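Keep the viewer open and try each task before reading its solution.

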Amino acid sequence: MNAPPVALESTVITHGLPRPVNLDIAREMMSAVRDGGGDPRMIAIINGRPRSGFADEVLMELAAREDVRKCSLRDLPLVGKFGDWGGTTVSATLHLALRAEIQVFATGGIGGVHRGNPADVSADLPALARMPGTVVCAGAKSILDLPRTRERLETDGVTVLGWKTKEFPAFYSRSSGLPVDQQVHSAVEVAEIMQQRDTLRLQQAILVTVPCPEEAAIPSAEIEAELMEAEAFALEQGITGNELTPYLLNRLAERTQGRSLVANRALLIQNARVAAEIAVAFSTLQA
Ligand code: PSU
Ligand code: MN
């Protein structure tokens, strides 16, 4: 059997992590996909063209350039028209992955409803509501309003699975106090759920939430104070729109002396590995 493709989201590399460690982490994610039996395909916009998988030199440039645009769905026609480079968010990656017939993708955290401003809802949520892919993530960061984000997933009919957990993980922290729809214990179980979704012709994504590895996780009480401060500062400075998430991530990395980066790296690698196992299980079922 050929190794099934596994898409990797690129905004986390271009905007979610500091240079130059972003390049190392991108490569580590690709290795983790290979270790899990998958074929890693990073999705990004190169010179205005959507690509799924590219040479290491291109990855190096993507990780190093300072003019890469953060691309949600609404940005895709623009980077195409103007020939720009783009890192794709969850919403844009989901669209491009499905278009390339890639069913499973790995990322860090999904976007959601922002705390300070509940009208700021990530394009990730409506995309998950109408694109039948499988997204492997560590939940969402508590820079977001997690209860509202969780409700919205339910309203939109997105099936939320917990990888060996009953709780929706909160990215750096393994717990949020919020439930998943179903705990799963293996990649085969996830693949069977994907198959049910497809048989029923449901158009929603399946979200597989994987808690950060224990040794790298940061307890929620510790991260909370830093987040409150960063949110307040962003509000005061008028940092909004698509700049808010990258801003909060950077500020947090500074304030936790790099511990948030350790957690981020560990969970990204783990998610890539789990995504590969799911892709393998799903392609075995389809065979
Ligand atoms: N959350 C993270 N790291 C990230 C992102 C979110 O912990 O890098 C990125 C993802 O690409 C996600 C996007 O799809 O931010 C959401 O941005 P916005 O809130 O502007 O929709
Ligand atoms: Mn937003």
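A molecule counts as sitting in a pocket if more than half of its atoms lie within 2 Å of the pocket's grid points. Please keep in mind that this model is predicted.

**Exercise 1.** Find which space ligand 1 takes, and give its volume.

*Solution.* Start with the ligand: the space taken by ligand 1 is the largest pocket. Next, the volume of this pocket is about 610 Å³.

**Exercise 2.** Describe the lining of the largest pocket by residue, class and element.

*Solution.* First, the lining comprises 34 residues, with Lys 70, Gly 111, Ser 122, Asp 124 and Thr 245 nearest the centre of the pocket. Then sort the lining by class: 16 residues are polar, 11 nonpolar and seven charged. Finally, look at the elements: helix H1 (11-14) and helix H10 (244-255) are those giving two or more residues to the lining. H10 provides the largest share, three residues.

**Exercise 3.** Characterise the shell around ligand 1 and name polar contacts made by its oxygen atoms.

*Solution.* Begin with the shell: 16 residues surround ligand 1, and Glu 9, Lys 70, Ser 122, Asp 124 and Lys 141 are the closest. By class, eight are polar, four nonpolar and four charged. H1 and H10 each contribute at least two residues to this shell.

Now go through the contacts, using the cut-off of 3.5 Å for a pair of N or O atoms:

- Glu 9: a side-chain N or O atom is 2.7 Å from an oxygen atom of ligand 1.
- Ser 122: a side-chain N or O atom is 2.7 Å from an oxygen atom of ligand 1.
- Val 90: a polar backbone atom is 2.8 Å from an oxygen atom of ligand 1.

To finish, check the burial: ligand 1 taken alone exposes 470 Å², and the protein buries 95% of that.

Terms used. Residues are numbered from 1 along each chain as its sequence is written. Chains are lettered from A and ligands numbered from 1 in the order in which they are written. This is a predicted model: local features need pLDDT of at least 70, side-chain atom pairs count only at pLDDT 80 or more; totals for chains, interfaces and linings use all residues. Side-chain values use heavy atoms; hydrogens and water are left out. On a 1 Å grid over the protein atoms alone, a cavity is a set of points where a 1.4 Å probe fits but cannot get out, and a pocket is an open set with protein on both sides within 12 Å along at least five of seven lines; lining residues have an atom within 4 Å of a point. Grid points are joined across faces, edges and corners, and a volume is the space filled by probe spheres set on the points. Helices (H or I, at least four residues) and strands (E, at least two) are DSSP runs, numbered from the N terminus. Ala, Val, Leu, Ile, Met, Phe, Trp, Tyr, Cys and Pro count as nonpolar, Asp, Glu, Lys and Arg as charged, and the others, Gly among them, as polar. A residue is near a molecule or strand if one of its heavy atoms lies within 4 Å of it. A polar contact is a pair of N or O atoms within 3.5 Å; within protein, one must be able to donate a hydrogen and the other to accept it, and residues adjacent in sequence count only if both atoms are side-chain atoms. Accessible areas come from the Shrake-Rupley method with a 1.4 Å probe; for residues, only the protein chains shown count as cover.
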